[in-house]
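This report is for a reader new to the structure. Please look at the sequence and the model before reading on.

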Amino acid sequence: MPSPARRFSTDRFLFGGDYNPEQWPEEVWHEDVALMRRAGVNAATVGVFSWAALEPAEGVYEFGWLDRVVEVLHAGGVGVVLATPTASPPPWFTRAHPDAMPVGPDGVRLSHGSRDTYAVSAPAYRDACREIVQRLAERYGSHPALLAWHVHNEYGTLDWGEHAAAAFRRWLQRRYGTLTELNRAWYTSFWSQRYGDWEDVLPPRATQYLANPAQVLDFKRFSSDEMLQALREQRDVIRATGSAAPVTTNFMLPTWNHLEQWSWSAELDLVSVDHYLDTVGPDGETHAAYGADLTRSFGQGDPWLLMEQSSTSSTVPGRRAHKSPDRVIRNSLSYLARGSQGALFFQWRAPAAGSEAWHGGIVPHTGAGSRSFRGFEQLGAVLTAIAEAAEPPAEGPLVEADVAVLWHAEGWWATDAPQLPSDLLDYSSTVRAAHRALWQAGYAVDFAAPGADLSRYRLVLVPSMFALDGQAVRRLEEHLAAGGHLAVWPFTGYADEDLHVVPGGYPGRLRHLLGLHVEELHPLAAGDEVLLESDGTGPLRGRVWSELVVPDGAEVLAAYAGGGLDGKAALTRHRVGAGVAHYVSTFLDEEPLRRWLTAVCEQSGARPVLGAPAPEGVEVVRRRGARADHLFVLNHSGVPVRVTGPGTNLLTSSPADAGLRVEPRGWAVLRTTERDGWSAEALEA
């Protein structure tokens, strides 16, 4: 039987976004739906922050306005993604239950006046959530306009208060069983922290000096699990009413990370994400691809949904930078190429006031006569023309990748610990740099959880996963035994899952696979660099980190040049059975990293999407489909490109056999049944 995710709107791509009709007079609703039809919008996310409008006083419900909104949308051919409003309790709830407000690590209880003002462990909050969700599910759970349930919004509000403390202790008791085991895991013999009574165990609140890293990591694990339980409760209430619509919640990546996404994804019918570019430069395109590949991977390669992206701007330090219509379209197509079933935005209509008045909208402050809105009309036409690409294949992943990157929230959390050898260690940046290099070289990429089955990949990358458990190590051993290639970055496998450093030389958990041990760590100062000399890839430059590597069977491919490590191993390769393990002992700059990873990919037998790298600034992704595959060609560069191969452009019906021109900052979506025979070349401007 197909999963709910496979049943979700696979006859078309969803197009639309967050709709907040409670902010506008009712006569505007009809204008909105007329504009939605004009632009080709077919989905509206409703009710995300509507709790005060739905329940203006405790136990007093006003659903009439939402009834009318749903009917107006439905009559206009616009489906509804109905949100539960639990991310923003109304003011009456705060007054009635002040203990249900979140407390910061400094002990200060927050007040109402923004969003996300709740303590997720507070019984009163959880009871109120279940009640409002019950009412919504009973009323709208079988409505023909309902496309999906959007539970909560961007889970991630942490609480250090007394409700959290009690729940944290219960979680620890389930995890460790006894205080003896807790004391072992937390290494409480250090600084006289040994616990003799469960009541003494608290969240890692503000303290005199440094917090216990294992305690901090466990609190992050607990917070993710506690929020997941809150989601399960809402999902189960919805299911108990008989509503069969898919249930999702929107992750927030890849810069805000309070959830362990692999366990969360297993509880959802459809994985969804809010994703906002963090740069106006070319790296924005790689950022979009990174978020999309992560989200598809969380869902085990199935269709997913882009719940939010920015409509008209990107948030960069100090300003909201304009986002051109062509970039909106290209980014949207990048998400779709990588498996999204839609391009949804925050938000439909830019609000007249409030904290996000300048966040933008499909209908901006300047109205439907604007260049921006015309761009969305164009995007709607594009999505209609390529609708056939929305139907996934009967089996197998939407995107076939030979390369996987290990990714885990706990890897990020562990590297956030204070007093590591360098404050410049940055898990998120390291992973993103690896993905960026593969994007530039034209490779499709999956992400995988530590301990997951890696058998379908030729190459697995492990960028700075400080702590690895036994299952993760066994999977890497199996991957190499089967003939796979492995590439490992520094500060990987130094510790076990309790953050206990493995003695005998770094990286303790992977020494036997890499054929080396590290005797000394030599972190670099900000701005410093090291030079590596290699016959195979030419000179390479690295930053942040260097180390004294002692080969124990590994072949040295590059050595440090100059400084205290002059002549010492820097880049190695080790044959392990039928496989090969590669190691880099510094963080290579962008261009050297791309060269090194391209060489490793070639050695592993991994293939680029086109069989060869695409021209610079050109993104090519193959999305598998039910009847044919679809090659998405996105030209982010300033020069035209020619794409040649056995396929037809869905947007123009033009064949590509003799070459198809894609204009600067343009796009094409090609139907094809052939994987091979494709090429792309840059043309004269």
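## Basis

The model is predicted; local features need pLDDT of at least 70, side-chain atom pairs count only at pLDDT 80 or more, and totals for chains, interfaces and linings use all residues. Residues are numbered from 1 along each chain as its sequence is written, and side-chain values use heavy atoms, without hydrogens and water.

## Helices α7 and α9

Helix α7 (residues 162-176) packs against helix α9 (residues 213-240) at about 100 degrees, with the axes 10 Å apart. The helices are therefore roughly perpendicular (angles of 65 to 115 degrees). Contact means heavy atoms within 4.5 Å. Among the residues making this contact are Phe168 and Trp171 of α7 and Phe219 and Phe222 of α9. By class, the contact has 8 nonpolar, 1 polar and 5 charged residues.

## The largest pocket

A pocket is an open set of points on a 1 Å grid, with protein on both sides within 12 Å along at least five of seven lines; lining residues have an atom within 4 Å of a point. The largest pocket has a volume of about 710 Å³. Its lining has 42 residues, and Pro282, Glu285, Thr286, Trp439 and Gly617 are the closest to its centre. By class, the lining has 18 nonpolar, 10 polar and 14 charged residues.

## The largest cavity

In a cavity, a 1.4 Å probe fits but cannot get out. There are 5 cavities of 30 Å³ or more, and the largest cavity has a volume of about 160 Å³. The lining of the largest cavity has 7 nonpolar, no polar and 6 charged residues.

Methods. Axes fitted to C-alpha atoms, helices over the stretch in contact; angles between N-to-C directions. Helix = DSSP H or I, 4+ residues; strand = E, 2+ residues; numbered from the N terminus. Parallel < 35°, antiparallel > 145°, perpendicular 65-115°, else oblique. Nonpolar A, V, L, I, M, F, W, Y, C, P; charged D, E, K, R; others polar. Points joined across faces, edges and corners; volume = space filled by probe spheres on them.
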